[in-house]
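Hi,

Here is the model I said I would pass on. Could you have a look when you get a moment?

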Amino acid sequence: MSGPFLISLLTFTPLLGGLVLLTLKREEQKLARIFAIIFSLIPAIGVLALWSKFSNGEAGLQFSERHPWIPSLGIEYFVGIDGLGLLMMLLTTIVVPFALFSTSKEIANPKIHFALYLFLQTGLYGTFTALNFFHWFIFWELSLVPAFFLIKLWGGPERTRAAYQFFVYTLLGSVAMLLAFLAIFSATGVFDFIQLADAARSGALAAAVENKLTLGSFSAEQILFILFLGVLLGFAVKVPLFPFHTWLPATYAEAPSSVSMTLTGVMSKMGVYGFLRILLPIFPEQMRAALTPLLWLAVATIVFSAYAAYAQKDLKRIIAYSSINHLGYCLLGLFAVMKSTEGDLLSEKAAALNGVILQMFNHGITASALFCFVGILEKRSGGIRGLNDFGGLRKVAPVFCGLMGISIFSSLGLPGLNGFVGEFLIFKGVFSLASWAAAISTLGLLITAIFLLTILQKVFSGPVNQKWAGLSDLTKTERLTVAPAIALMFLFGIFPQFLIGIINPTVVAMLQRLNF
Amino acid sequence: MTWIAKNLWLIPVLPLVAAGLSALLKQSQRRAAASLAIGSLAISFLLACCAFAATLHAPVHGEVFRQTPSFTWLQFGESSLRLGTVLDPLTAIMLVMVTFVGLLIFIYSTGYMAHDKNFTRFFCFLALFAAAMLGIIISNNLLLLFISWELVGLASYLLIGFWYHKPSAAAAAKKAFITTRIGDMGFFIGILWLYSQTGTLLFYDHGNGCLEATALTKLVSTTTLGGMAVSTAIALLIFCGAIGKSGQVPLHVWLPDAMEGPTPVSALIHAATMVAAGVFLVARCYPIFEVSSIASLIRFGIPAPPPSLAIQVVTWIGAITAVFAALIAVAQTDIKRILAYSTVSQLGFMMIGLGVGGVAVGMFHLITHAFFKALLFLGAGSVIHGCHEEQDIRRMGGLKKFMPLTFATYAIGMMALSGVPLFFSGFWSKDEILHAAHNWSVSQIPFYLAAFGALLTAFYMTRQVCYVFLGQNKSHHKPHESPRVMTVPLTILAAFTILLGIIGTPVWPWFETYLSGHHATFDFARLTEKETLSTMLLSVVIVAVGIGSAWAIYSKVSLKPADAADPLEAIQPRVFNLLRNKFFIDELYAVTVLRLNAVLTQFADWLDQAVWGGIVKAFSSLAIGLSWLSRTVDEQVVNLGFNQGCESVRDSSKAVSKIQDGKIQHYLRYIGIALVVLALALIWGCRS
């Protein structure tokens, strides 16, 4: 099957799986976990098939499916992937089963928990493939709702507050985005991302806004800018961009670790993906107008979140802040790319944008592994996960500390592991485009090293804290759970071309369209 | 291309594979781990010798042997990033030195670490360290060099913190990693800048590399902030990395603390590898440092242009470090810390050498120092081992009798470090630095600083030997000589400490000619050239004064009890206290840099908690307030009115409903009354 239905098929498989799970009887609940893992892995076959048929040299959409849905409103079911989409699908396919594997067998209400998780997976696949605003938005929200319930029902002591904060905050962003798109639709009658991007390039979008939209005494340009801000808000909250990040630490800390894995591993990439797929192509002019403050906000995201991470005492909050910091590099790269320059500096921009996408992927793997390790620790300590609550764990759990140590070094960007390449490419590109922003952002790299090594120092080293003298090392199952992630850290650290080969043509095409 | 140049990558990859394999071994498979590490490094050593042999003959007189295979690592946009290796004399001599000294340290470690529980892990880390260091040496690409550089940082982190159960070791490891990373951030920016300017990071690429004329011309002809040439700015940023790694002022603070690691690690870090990396980096990137104007690129331009700003900075930092660290070393009492500060000081000498005399001068001291400092550290390890883990020199004394072989080899190392003339390599390499500094066109101050540093070196080494080996033993246990596996490497290192001097004398300057692609010739006339002899005489005097004064003060010191004040302390207690506390630099950093960091941390946290969190809270309070208001309005106004309306209706209907109570007799009564009333009314009406 050369793919006319492949994307839809693999998108809806987890949804179907979730529905099947809901029909399980009470006494069959034990099967829920294994069912969920199987259903979450079935799409892997499809994604691998896509990957094998994917033509690396081609820049455009591949495997696209197009069916009229509500023609009178310009709504089509339209999905397809390019290099960026494929990489995000790969990431989802790696992280979600990884998270399900690491979910405890003793979890309460397994049937509903796993069903929600599978719904979430469908939402993620849909978000990364949909090309028409209408159903893209449905998927975008579809991923939000299960995540809310997963936090609300299975989270830590402060879960209710965290869940509401997460939901309301992101929903607020989504509403702003929805209103902006409805306004655009009322002006153009188009929901299709690609058509909208074309219209933006040709000036048709501005013309349509001028003709059809009025808002007080604002000019068309100003109205477009307001619409841009609306969409920007939606993505800025999701990524997040400083100062819209305050929901994140509480959410990641209160969510069960296996949910945090997907939150940071994949869901945080939805925002960056939105920037790349939607905001940059449709609003390039507005983006350029707002570039300077945005660049500095990205720098602030990097530096302040690194410092804030250093101030935290809860391991999960530290990693949550570190997540903000790492996505800050993505934002820095993708803002810098929009800079209009003398000469086209194509190779610098290509370096930065390749770096951004690489960083999305690599951070997904590393950060989810880190949350997985904290989850493992939490399970053994009975929910205790303070920075100062442990000590000398290397003696009692050497394998755990060794593997988590590798993940930590991957996170701080040690060359030879996956974290380095993306950061290097981002910095390489940004340095030529916005030297000072790049130079100041290296401070983030330094502080990251400080707080991550503090974890190694306080948790793993020193005399054994007698309270944890009996802590058990990783079990066989746990080793098998984390082994693929660790292997990928080495693989993509040494051979990053695997990934860059997939995305580079997409990146080049994107840049050519952006710099018309 | 020669076979060895093509396969140069094997030299670091072999120990790397050994490290990977021994990471998978169990704690009990000690022999396997040691064999893997030693075997792989031995093969690397043989390969390094092959590489060395290949570079011995320059293809053309005056042009160095250089072969540079490369491969594409990344392709982004239309451009690609190539990595590669380079085989030239600089690489070859470093390879031989690192593999050879490393091998001896590995062998020594099997004895020193024999009783350690984590023996297997130790050899895994050692092999990783060697691999990363060799990676730095063979890189023909600044990025590949940086990658290896960071891996060296990782390996030293793991080794310094090897005894992780000691909080001090864990703290020292973290301090080493962070301090060097501060320098590395500058280095990283330098790499980015160089890349954006030249479009390549390959050093040599048949005319297109970043160290070759085309790129250098571009770098030197572009200016940046304050009219500085971009080449200077980039060189200074790269030098930041070297400052961190080579423990130069002001980033020297991590190096003495790194003594928390096992002693062979100190030898490996302080002698052969890690700290040499910074000096090697400057030597490797020397063309960027050196270039000061377009004119300076023309080889035979006369007169020679003044040294570039970057080179001057290197010289000054080196000179300051050389004296600063030597002063501190004078007042230390831990045998390894004295050597650590000595290393910092000697690295300063190497930097002076690079600055005033060029690559050959600095590198020659690096090579000779690697041998005698490894010898001294391993000797110190032997002393510590023999004295049952005692590190305080005041509690030793009289070890000459108990450890004769250790004493003999240590004395050779000490004399080489002090620069005792003619028979010791340290004399020749240090003399060359002093000579070059004396002829430096910019200033004579580095020369005087270096001379003073040399005097202090002779002083503190004599002091140390007096404390440790002379007089009476003061420990509770009887010291013993170390096993053969430890003393044999000492002997070999001692032999090389003496022999190496031969290749760098003014009479036969083989080392210098080898690096520049010439052929060395014997010429006694060079001794009388340009104040060569007078400088040599001066350095003899310096050594004599240093050793003599220390001997006068300390020769009887170990006859005194261990807790007696140092003779110098008795003379100048305040100065001595200042030196003993390392000029309070750590304390200074604690109240400045670390405090600033803490403040920024608190600020970032406060910003989130109070400001952004506050704004969010304000918005949510506003939302909650509005909903409360609307509820209140609903309940108090709308509902109240509605309720009252309802109630009045209900009340009235209640009254009415009372009539309709469903009791038939009441209804009949009402009907009866009504009938009566009706009948009365009719009657009343009809009557009229």
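Below is what I found in it, chain by chain.

A word on conventions: this is a predicted model, where local features need pLDDT of at least 70, side-chain atom pairs count only at pLDDT 80 or more, and totals for chains, interfaces and linings use all residues. Residues are numbered from 1 along each chain as its sequence is written, while chains are lettered from A and ligands numbered from 1 in the order in which they are written.

On confidence, the predictor gives the complex an ipTM of 0.91 and a pTM of 0.89. Chain B has a mean pLDDT of 86, with 97% of its residues at 70 or more (pLDDT is the predictor's confidence in each residue, from 0 to 100).

Chain A first. It has 21 helices and two strands (DSSP runs numbered from the N terminus: H or I of at least four residues for helices, E of at least two for strands). Its C-alpha trace spans about 75 × 55 × 45 Å along the principal axes. Among contacts in chain A with a separation of 6 or more, 80% are between residues 24 or more positions apart (a contact is two C-beta atoms, placed from the backbone, within 7 Å).

Two spots in chain A to look at:

- Helix α10(A), residues 247-254, has eight of its eight residues buried, including A:W247 and A:Y252. The buried residues of α10(A) pack against α5, α6, α11 and α14 of chain A.
- Helices α3(A) (83-101) and α21(A) (497-514) have axes that come within 7 Å and cross at roughly 145 degrees (axes are lines fitted to C-alpha atoms over the stretch in contact, with angles from 0 to 180 degrees between N-to-C directions). A:G83, A:L84, A:L86 and A:L87 of α3(A) meet A:L499, A:I502, A:I503, A:P505 and A:T506 of α21(A). By class that is seven nonpolar, two polar and no charged residues (Ala, Val, Leu, Ile, Met, Phe, Trp, Tyr, Cys and Pro are nonpolar; Asp, Glu, Lys and Arg are charged; the others, Gly among them, are polar).

In chain A, β1 (62-70) and β2 (75-81) pair antiparallel over six bridges (pairing needs at least two DSSP bridges), with A:Q62 partnered by A:I81. Four residues lie between these strands, and A:G74 takes a positive phi near 70 degrees. In chain B, six bridges join β1(B) to the antiparallel β2(B), residues 79-84, and B:Q75 stands opposite B:S80. That hairpin has two residues between its strands, with B:G77 at a positive phi near 55 degrees.

Also in chain B, α12(B) (274-284) has eleven of its eleven residues buried, B:F280 and B:R284 among them.

Lastly, the interface: 40 residues from chain B and 43 from chain A make the contact. On the chain B side, β1, α6, α7 and α28 each supply at least two residues, and α7(B) gives the largest share, 15 residues. The chain B side divides into 25 nonpolar, nine polar and six charged residues.

Cheers

Terms used:
A residue is buried if 20 or more other C-beta atoms lie within 10 Å of its own, exposed if 12 or fewer, and partly exposed in between; C-beta atoms are placed from the backbone.
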